[in-house]
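I opened the model to look at the ligand site and the sheets. My notes follow.

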Amino acid sequence: MYKKILKAIKQYDTIVIARHIGVDPDALCSQLALRDVIKLNFPEKKVSAIGTGSAKFSHIGKLDRLENYHNALLIVADTPDKRRVDSVDFSQFSYIIKIDHHPFVEEFGDLELIDDKASSTCEIIMKFLLQTKLVINSSISELLFMGLVSDSNRFLFNSCNSETFALTSYYLDKYPFDISNAYYKLYLRPLSEVRLEGYISSNMLVTENGLGYIKITNDIIQQFGVDSASAGNMINNFNFIKEVLVWVTITEDIKNKQIRVSIRSRGPAINHVAEKYHGGGHKFASGARVASFDDAMKLIDDLDLLLSHYNLEDEVIEDGN
Ligand code: AMP
């Protein structure tokens with residue numbers, strides 16, 4: 001598979017790298033690392049990383065402008081289904097490669113490199129680069145590190161194994177970068193977000209079955225002076241609460257006229273509940289977009305029911321997203 005992907009990269013003069021909507025560091029770092037590595041090894045090729053950016057991640061790297069493409073290769077990173085690919089007109093591409101670590105949803109690539117046991121798409125790319133012996137540099141190594149660290153929540157999840165650490169160690173050793181600077185790029189945040197985090201801790205409702213949830217309305221978002229995306233991303237900060245096995249943030253997104261539901265678990269797998277509401281994701285880190293708070297509460301009821309049948313002794317540490 002690695003050889004076939006490299007062959008396709010060599011074959012095309014124009015290459016576009018996309019990823020899922022609702023950008024996160026693993027998706028962004030995957031596409032930027034791939035773009036930069038292709039540019040470094042094949043300077044004559046035109047390579048772009050596209051998609052809607054986010055001010056929050058602007059210091060990680062710059063995306064390219066959308067253009068019209070002809071006879072181009074499309075590489076989609078970190079996205080299991082076509083409908084969630086950001087800003088891509090598939091008809092403009094002659095060949096499609098998917099590189100992803102989500103559970104399989106649908107085939108849309110001519111070549112699909114999927115490893116749903118990998119901590120992150122960046123980890124898959126680390127292996128690909130190692131096997132194909134493409135030249136890389138320290139800034140590419142830093143991007144891959146940031147994506148892996150972010151999606152594994154700093155090596156917290158079961159998706160990290162000895163290979164994850166070995167790859168991280170190899171890249172850090174061979175292509176060193178300032179590790180604390182990488183963490184700043186990922187984790188520095190404004191006081192307003194920390195204050196909202198305090199609000200969530202104080203106001204999260206917790207059911208008898210161990211379901212924690214909070215509605216973050218647009219009024220709250222305004223009151224704390226954060227944006228809807230940052231509010232939704234707070235879900236990852238509420239792991240390891242003894243009384244809470246599954247936790248959910250329900251965030252109003254006025255701009256897109258939808259409610260973002262983010263779900264995490266260190267108990268039962270929750271992706272099937274997210275799928276029932278046209279969402280999806282990993283077994284222990286899923287999400288959905290619903291039309292109203294009422295729909296979100298139906299999802300909450302389903303999760304609480306799931307928890308009511310769950311045997312506490314089966315508790316696990318969640319996988320990454
Ligand atoms: P979030 O909590 O929004 O960051 O989402 C966690 C994970 O769930 C993402 O990495 C996606 O894999 C998945 N996910 C979120 N929203 C959706 C959706 N509407 N449809 C399919 N998968 C989703």
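**Sheets and ligand site**

Strand β7 (residues 211-216) and strand β8 (residues 246-253) run parallel, joined by 6 bridges. I take strands as DSSP runs (E, at least two residues), numbered from the N terminus. Two strands pair if DSSP finds at least two bridges between them.

A note on the source: this is a predicted model, where local features need pLDDT of at least 70, side-chain atom pairs count only at pLDDT 80 or more, and totals for chains, interfaces and linings use all residues. Residues are numbered from 1 along each chain as its sequence is written, and side-chain values use heavy atoms, with hydrogens and water left out.

**Mixed sheet**

I traced the sheet as β6-β7-β8-β9-β11-β10, an open sheet of 6 strands with mixed pairing. Its edge strands are β6 (205-206) and β10, each pairing on one side only.

**Parallel sheet**

Next I followed an open sheet of 5 strands, in the order β2-β1-β3-β4-β5, with parallel pairing. The twist averages 15° from one strand to the next (axes are lines fitted to C-alpha atoms, and angles run from 0 to 180 degrees between N-to-C directions). I also checked strand β4 (residues 93-100), which runs parallel to β5 and is joined to it by 4 bridges. There D100 stands opposite I114 in β5.

**Ligand**

Which residues come nearest to the ligand? Of the 16 around it, they are H102, R260, S262, R264 and G287. A residue counts as near if one of its heavy atoms lies within 4 Å.

I then looked for polar contacts, pairs of N or O atoms within 3.5 Å. A polar side-chain atom of S262 lies 2.9 Å from a ligand oxygen. The side chain of H102 has an N or O atom 3.0 Å from an oxygen atom of the ligand. For R84, a side-chain N or O atom is 3.4 Å from a ligand nitrogen. Taken alone the ligand exposes 480 Å², and the protein buries 91% of that (Shrake-Rupley method, 1.4 Å probe).

I sorted the shell by strand. β9 (258-265), β10 (280-281) and β11 (285-290) each supply at least two residues. The largest share, 5 residues, comes from β11.

Domain 1 (2-187) and domain 2 (191-319) each give the shell at least three residues; these bounds come from an automatic or database domain assignment.

Terms used: Polar contact = N/O pair within 3.5 Å; in protein donor to acceptor, adjacent residues only side chain to side chain.
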